[in-house]
Amino acid sequence: MDDGERLMTLLRSADWGADAPLVTRFLKSPYAVCCADALNRLNRDALYESSLHGVGHIVRTICHGAMGAMEEGCTEADTSLLLDACAYHDVGRINDREDTEHGRRSARRLGELTGRTGEDLAEICAAVDVHARDDALLPQMLERYQVQDRARGTLLAKLLKDADGLDRVRIWDLNPRYLRFPHSKTRVDFAKALYCQWQASTDGVLVPEFVRKWKALDEYGNPVQAASEKK
(Lines give C-alpha, C1' and ligand atoms only; values in the text may rest on other atoms or scores of the structure.)
Protein backbone atom coordinates (compact mmCIF):
# COMPACT_ATOMS: atom_id res chain seq x y z
CA MET A 1 0.00 0.00 0.00
CA ASP A 2 1.50 3.36 -0.97
CA ASP A 3 1.37 6.35 1.33
CA GLY A 4 -1.50 8.13 -0.40
CA GLU A 5 -3.64 5.02 -0.43
CA ARG A 6 -2.77 4.46 3.23
CA LEU A 7 -4.05 7.92 4.18
CA MET A 8 -7.31 7.61 2.27
CA THR A 9 -7.88 4.12 3.70
CA LEU A 10 -7.34 5.43 7.22
CA LEU A 11 -9.79 8.26 6.65
CA ARG A 12 -12.43 5.81 5.42
CA SER A 13 -11.96 3.03 7.94
CA ALA A 14 -10.37 4.24 11.18
CA ASP A 15 -12.37 5.04 14.30
CA TRP A 16 -12.33 8.85 14.49
CA GLY A 17 -14.52 9.20 17.57
CA ALA A 18 -15.61 12.80 18.09
CA ASP A 19 -13.93 13.76 14.81
CA ALA A 20 -16.07 11.36 12.76
CA PRO A 21 -18.46 14.11 11.52
CA LEU A 22 -15.49 16.16 10.26
CA VAL A 23 -13.97 13.18 8.44
CA THR A 24 -17.33 12.15 6.95
CA ARG A 25 -17.99 15.69 5.73
CA PHE A 26 -14.55 15.81 4.17
CA LEU A 27 -14.86 12.44 2.45
CA LYS A 28 -18.20 13.46 0.93
CA SER A 29 -16.74 16.72 -0.38
CA PRO A 30 -14.79 17.43 -3.59
CA TYR A 31 -11.84 18.37 -1.40
CA ALA A 32 -11.23 14.69 -0.65
CA VAL A 33 -10.92 14.13 -4.41
CA CYS A 34 -8.40 17.00 -4.60
CA CYS A 35 -6.50 15.43 -1.71
CA ALA A 36 -6.39 12.02 -3.39
CA ASP A 37 -5.27 13.60 -6.67
CA ALA A 38 -2.45 15.46 -4.93
CA LEU A 39 -1.30 12.25 -3.25
CA ASN A 40 -1.40 10.37 -6.55
CA ARG A 41 0.80 12.89 -8.33
CA LEU A 42 3.21 13.35 -5.42
CA ASN A 43 6.83 12.89 -6.49
CA ARG A 44 8.08 10.88 -3.55
CA ASP A 45 11.63 10.75 -4.90
CA ALA A 46 11.86 14.55 -4.49
CA LEU A 47 10.93 14.53 -0.80
CA TYR A 48 13.42 14.96 2.01
CA GLU A 49 14.09 11.55 3.54
CA SER A 50 13.38 11.72 7.24
CA SER A 51 11.08 10.23 9.84
CA LEU A 52 10.35 13.80 10.96
CA HIS A 53 9.98 15.78 7.72
CA GLY A 54 9.62 12.95 5.23
CA VAL A 55 6.69 11.36 3.44
CA GLY A 56 4.51 10.81 6.53
CA HIS A 57 4.66 14.49 7.43
CA ILE A 58 4.00 15.50 3.82
CA VAL A 59 1.01 13.20 3.39
CA ARG A 60 -0.58 14.44 6.61
CA THR A 61 0.14 18.07 5.67
CA ILE A 62 -1.63 17.54 2.34
CA CYS A 63 -4.64 16.19 4.25
CA HIS A 64 -4.65 19.16 6.64
CA GLY A 65 -4.31 21.52 3.67
CA ALA A 66 -7.28 19.96 1.89
CA MET A 67 -9.40 20.24 5.04
CA GLY A 68 -8.37 23.86 5.49
CA ALA A 69 -9.32 24.58 1.89
CA MET A 70 -12.70 22.95 2.54
CA GLU A 71 -13.34 25.17 5.53
CA GLU A 72 -12.37 28.26 3.54
CA GLY A 73 -14.49 27.22 0.54
CA CYS A 74 -11.51 27.41 -1.82
CA THR A 75 -11.99 26.79 -5.52
CA GLU A 76 -10.70 23.56 -7.03
CA ALA A 77 -7.89 25.49 -8.72
CA ASP A 78 -6.83 27.19 -5.49
CA THR A 79 -7.00 23.91 -3.59
CA SER A 80 -4.82 22.15 -6.14
CA LEU A 81 -2.30 24.97 -5.92
CA LEU A 82 -2.28 24.87 -2.12
CA LEU A 83 -1.72 21.11 -2.10
CA ASP A 84 1.26 21.51 -4.44
CA ALA A 85 2.74 23.85 -1.85
CA CYS A 86 1.94 21.35 0.93
CA ALA A 87 3.59 18.56 -1.05
CA TYR A 88 6.93 20.24 -1.61
CA HIS A 89 7.36 22.76 1.17
CA ASP A 90 10.23 20.77 2.72
CA VAL A 91 12.17 19.55 -0.34
CA GLY A 92 14.89 22.12 0.37
CA ARG A 93 15.71 20.68 3.77
CA ILE A 94 19.26 19.54 4.48
CA ASN A 95 18.59 18.45 8.07
CA ASP A 96 15.73 18.15 10.57
CA ARG A 97 16.76 21.13 12.66
CA GLU A 98 15.20 24.59 12.65
CA ASP A 99 16.27 26.30 9.42
CA THR A 100 14.49 29.41 8.16
CA GLU A 101 16.22 29.11 4.78
CA HIS A 102 14.82 25.71 3.85
CA GLY A 103 11.61 27.32 2.62
CA ARG A 104 13.55 29.46 0.17
CA ARG A 105 15.54 26.47 -1.06
CA SER A 106 12.28 24.57 -1.48
CA ALA A 107 10.71 27.46 -3.41
CA ARG A 108 13.51 27.33 -5.97
CA ARG A 109 12.43 23.81 -6.96
CA LEU A 110 8.69 24.36 -7.23
CA GLY A 111 8.68 25.14 -10.95
CA GLU A 112 10.37 21.88 -11.89
CA LEU A 113 8.35 19.80 -9.43
CA THR A 114 4.89 21.20 -10.09
CA GLY A 115 5.04 22.55 -13.64
CA ARG A 116 3.46 25.77 -12.38
CA THR A 117 4.30 29.04 -14.07
CA GLY A 118 3.41 32.72 -13.86
CA GLU A 119 1.18 33.94 -11.05
CA ASP A 120 0.46 30.44 -9.74
CA LEU A 121 4.16 29.72 -9.33
CA ALA A 122 4.78 33.11 -7.73
CA GLU A 123 2.08 32.50 -5.13
CA ILE A 124 3.26 29.06 -4.05
CA CYS A 125 6.88 30.22 -4.02
CA ALA A 126 5.94 33.01 -1.61
CA ALA A 127 3.89 30.61 0.52
CA VAL A 128 6.64 28.00 0.72
CA ASP A 129 9.39 30.56 1.35
CA VAL A 130 7.51 32.16 4.24
CA HIS A 131 6.23 28.94 5.83
CA ALA A 132 9.42 28.69 7.88
CA ARG A 133 9.58 32.39 8.67
CA ASP A 134 7.69 34.82 10.86
CA ASP A 135 4.20 35.75 9.65
CA ALA A 136 5.22 39.41 9.68
CA LEU A 137 7.47 38.71 6.68
CA LEU A 138 4.57 37.60 4.45
CA PRO A 139 4.09 41.01 2.73
CA GLN A 140 7.82 41.06 2.00
CA MET A 141 7.64 37.56 0.48
CA LEU A 142 4.67 38.51 -1.70
CA GLU A 143 6.70 41.44 -2.96
CA ARG A 144 9.82 39.35 -3.46
CA TYR A 145 8.01 36.93 -5.78
CA GLN A 146 5.98 39.69 -7.44
CA VAL A 147 2.63 38.20 -6.48
CA GLN A 148 -0.17 40.17 -8.13
CA ASP A 149 -3.18 38.70 -6.31
CA ARG A 150 -2.19 39.55 -2.74
CA ALA A 151 -5.43 38.26 -1.22
CA ARG A 152 -5.06 34.84 -2.83
CA GLY A 153 -1.34 34.70 -2.06
CA THR A 154 -1.97 35.58 1.58
CA LEU A 155 -4.71 32.95 1.94
CA LEU A 156 -2.55 30.21 0.42
CA ALA A 157 0.40 31.12 2.64
CA LYS A 158 -1.67 31.08 5.82
CA LEU A 159 -3.38 27.81 4.91
CA LEU A 160 0.01 26.20 4.26
CA LYS A 161 1.36 27.48 7.58
CA ASP A 162 -1.61 26.02 9.46
CA ALA A 163 -1.50 22.69 7.58
CA ASP A 164 2.20 22.36 8.39
CA GLY A 165 1.64 23.60 11.94
CA LEU A 166 -1.08 21.06 12.71
CA ASP A 167 1.39 18.26 12.13
CA ARG A 168 3.60 19.59 14.93
CA VAL A 169 1.68 17.03 16.95
CA ARG A 170 4.41 14.61 15.77
CA ILE A 171 6.90 16.40 18.03
CA TRP A 172 4.34 17.02 20.77
CA ASP A 173 4.79 20.75 20.36
CA LEU A 174 1.59 22.12 18.83
CA ASN A 175 0.31 25.31 20.47
CA PRO A 176 -3.14 26.14 18.99
CA ARG A 177 -2.59 29.84 19.79
CA TYR A 178 -0.18 30.03 16.89
CA LEU A 179 -2.66 28.67 14.34
CA ARG A 180 -4.12 31.37 12.12
CA PHE A 181 -7.67 30.20 11.39
CA PRO A 182 -10.36 29.35 13.94
CA HIS A 183 -11.20 26.22 11.96
CA SER A 184 -7.58 25.07 12.26
CA LYS A 185 -7.83 25.28 16.04
CA THR A 186 -10.92 23.07 15.99
CA ARG A 187 -8.93 20.37 14.18
CA VAL A 188 -6.15 19.97 16.75
CA ASP A 189 -7.63 16.78 18.19
CA PHE A 190 -8.06 15.40 14.68
CA ALA A 191 -4.40 16.18 13.93
CA LYS A 192 -3.37 14.20 17.01
CA ALA A 193 -5.62 11.30 16.05
CA LEU A 194 -4.38 11.30 12.46
CA TYR A 195 -0.77 11.18 13.59
CA CYS A 196 -1.46 8.34 16.02
CA GLN A 197 -3.41 6.37 13.41
CA TRP A 198 -0.65 6.91 10.84
CA GLN A 199 2.11 5.79 13.20
CA ALA A 200 0.14 2.70 14.20
CA SER A 201 -0.45 1.77 10.56
CA THR A 202 3.25 2.13 9.69
CA ASP A 203 4.63 0.61 12.92
CA GLY A 204 6.24 3.97 13.63
CA VAL A 205 7.17 5.20 17.09
CA LEU A 206 4.63 7.46 18.71
CA VAL A 207 7.11 9.72 20.48
CA PRO A 208 10.55 10.16 18.81
CA GLU A 209 13.50 9.58 21.12
CA PHE A 210 14.68 13.18 21.00
CA VAL A 211 11.20 14.36 21.98
CA ARG A 212 11.11 11.92 24.89
CA LYS A 213 14.36 13.38 26.21
CA TRP A 214 13.36 16.97 25.45
CA LYS A 215 9.94 16.80 27.07
CA ALA A 216 10.49 13.97 29.56
CA LEU A 217 7.77 11.80 28.04
CA ASP A 218 7.40 8.05 27.86
CA GLU A 219 6.84 6.20 24.57
CA TYR A 220 3.10 6.94 24.78
CA GLY A 221 3.47 10.67 25.37
CA ASN A 222 2.83 10.60 29.10
CA PRO A 223 5.01 12.72 31.42
CA VAL A 224 7.80 10.77 33.06
CA GLN A 225 7.93 11.24 36.83
CA ALA A 226 11.28 12.60 37.92
CA ALA A 227 13.27 10.41 40.30
CA SER A 228 13.06 13.10 42.99
CA GLU A 229 9.28 13.02 42.76
CA LYS A 230 8.99 9.26 43.17
CA LYS A 231 8.11 7.96 46.58
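Which elements cover the buried residues of α8? This tour of a predicted model starts there.

**Stop 1: helix α8**

Select residues 118-130, which form helix α8. Its 13 residues, at 1.5 Å a residue, should span 18 Å, and the end C-alpha atoms are 19 Å apart, which agrees. Now colour the buried residues of α8: A122, E123, I124, C125, A126, A127, V128, D129 and V130. Next, show what surrounds them. The cover over these buried residues includes α5 (76-88), α6 (102-107), α7 (110-114), α9 (138-144) and α10.

**Stop 2: the largest pocket**

Keep α10 on screen and select residues 150-166, the extent of that helix. Helix α10 gives 3 residues to the lining of the largest pocket, the largest share. The space in the largest pocket comes to about 840 Å³. Its lining has 30 residues; to centre the view, pick E98, H131, A132, D164 and R168, the closest to the pocket centre. Colouring the lining by class gives 15 charged, 8 polar and 7 nonpolar residues.

**Stop 3: the second largest pocket**

Move to the second largest pocket, which holds about 250 Å³ of space. Select S50, S51, L52, Q199 and V205, which lie nearest its centre among the 17 lining residues. By class, the lining of the second largest pocket divides into 8 polar, 7 nonpolar and 2 charged residues.

**Stop 4**

How many aromatic pairs does the structure hold? There is 1, formed by F190 and W16.

**Stop 5: S184**

Finish with S184, in helix α11 (residues 182-185). S184 has a relative accessible area of 1%, so S184 is buried. Which residues does S184 contact, leaving aside its neighbours within four places in sequence? Display D162, L166 and L179 to see these contacts.

Definitions and conventions
Residues are numbered from 1 along each chain as its sequence is written. This is a predicted model: local features need pLDDT of at least 70, side-chain atom pairs count only at pLDDT 80 or more; totals for chains, interfaces and linings use all residues. Side-chain values use heavy atoms; hydrogens and water are left out. On a 1 Å grid over the protein atoms alone, a cavity is a set of points where a 1.4 Å probe fits but cannot get out, and a pocket is an open set with protein on both sides within 12 Å along at least five of seven lines; lining residues have an atom within 4 Å of a point. Grid points are joined across faces, edges and corners, and a volume is the space filled by probe spheres set on the points. Helices (H or I, at least four residues) and strands (E, at least two) are DSSP runs, numbered from the N terminus. Ala, Val, Leu, Ile, Met, Phe, Trp, Tyr, Cys and Pro count as nonpolar, Asp, Glu, Lys and Arg as charged, and the others, Gly among them, as polar. The expected span of a helix is 1.5 Å times one less than its number of residues. Buried means under 20% relative accessible area, exposed over 50%, partly exposed in between (1.4 Å probe, protein chains only). Contact means heavy atoms within 4.5 Å. Rings of Phe, Tyr and Trp (its six-membered ring) pair if their centres lie within 6.5 Å; planes under 30 degrees apart count as stacked, over 60 as edge-to-face and the rest as tilted.
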